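Morning, everyone. Let me put the model up, and then we'll walk through a few spots.

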Amino acid sequence: MGGRPLTLRDIANKKYDTLPLEDEWFELLGQPERTGRWFIWGNSGNGKTNFVLQLCKALRRFGKVLVFSLEESADMTFRDALFSVFRPEERGVFVWTPEQLPGGLEDIEQVLDRRGSPPFVVFDSIQCLNLRSYKMYTDFIRKYPNKLLVFTSQAEKQNPKGGIAHSVMHDASKKIWVEGYKAFCKGRGKQGEYIIWAEGAKRYWGMDSPQDYKDRQ
């Protein structure tokens, strides 16, 4: 074992490369580091896909975004959700589907290993990555220390579906639960809320306006 332990001054003087998020995104996430792992989970029909796409649009301000649409592929439902957030002519977001990745995780790694591959990567969902063990996950993420890896997950009630997904959630610095068209950050650091779709959230939570959410905090 070499080197020396960090002193408190070392830690105090450490510089971090962060995302200068603003407005509602700052309220949800603060200004997190540009790299690491985030985890998003929620039950079907609660706005998870729309939230992920809105997040992609927010991240695109700071760099290109790569989406592995492994669960919904490029079917009509995903297309409609995609173009409720983006315009077809917008640039900086790239989508891969299972049809383009017959080799599964091996093909995904080849995409990520390309020179200049995007710094922000979304996997929808972790169940479709077919990780057979937590070690496979840790081996995978260690290859990409300079990227922000965002994993989505199916849910069973309020928990991620499957043991590996549950372990990945604990590893993530940002843990975001989606319910009733709202996103709740439960990870380290700032723990805020974000309204995905105001009308749907109002029906689900029984509140009159988006301002009511802030008043209830």
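Is T97 buried or exposed? T97 is buried, at a relative accessible area of 7%. Buried here is under 20% relative accessible area, exposed over 50%, partly exposed in between, with a 1.4 Å probe and protein chains only.

Ground rules. This is a predicted model, where local features need pLDDT of at least 70, side-chain atom pairs count only at pLDDT 80 or more, and totals for chains, interfaces and linings use all residues. Numbering runs from 1 along each chain as its sequence is written, and side-chain values use heavy atoms, leaving out hydrogens and water.

Back to T97. It sits in the loop between β3 (93–96) and α5 (105–112). Leaving aside residues up to four places away in sequence, T97 touches S69, S73 and A74. Contact means heavy atoms within 4.5 Å. Helices (H or I, at least four residues) and strands (E, at least two) are DSSP runs, numbered from the N terminus.

Next, helix α7, residues 163–171. Which of its residues are buried? A165, V168, M169 and D171. Down the axis of α7, the buried residues fall within an arc of 160 degrees, so they line one face of the helix. That arc is taken over the directions from the helix axis to the C-beta atoms. The buried residues of α7 pack against β1 (36–42), α6, β5 (148–153), β7 (159–160) and β8 (174–179).

Last, the partner helix. Y134, Y137 and I141 in α6 meet I164, S167, V168 and D171 in α7. Thanks, over to you.

Definitions and conventions: Axes are lines fitted to C-alpha atoms, for helices over the stretch in contact, and angles run from 0 to 180 degrees between N-to-C directions.
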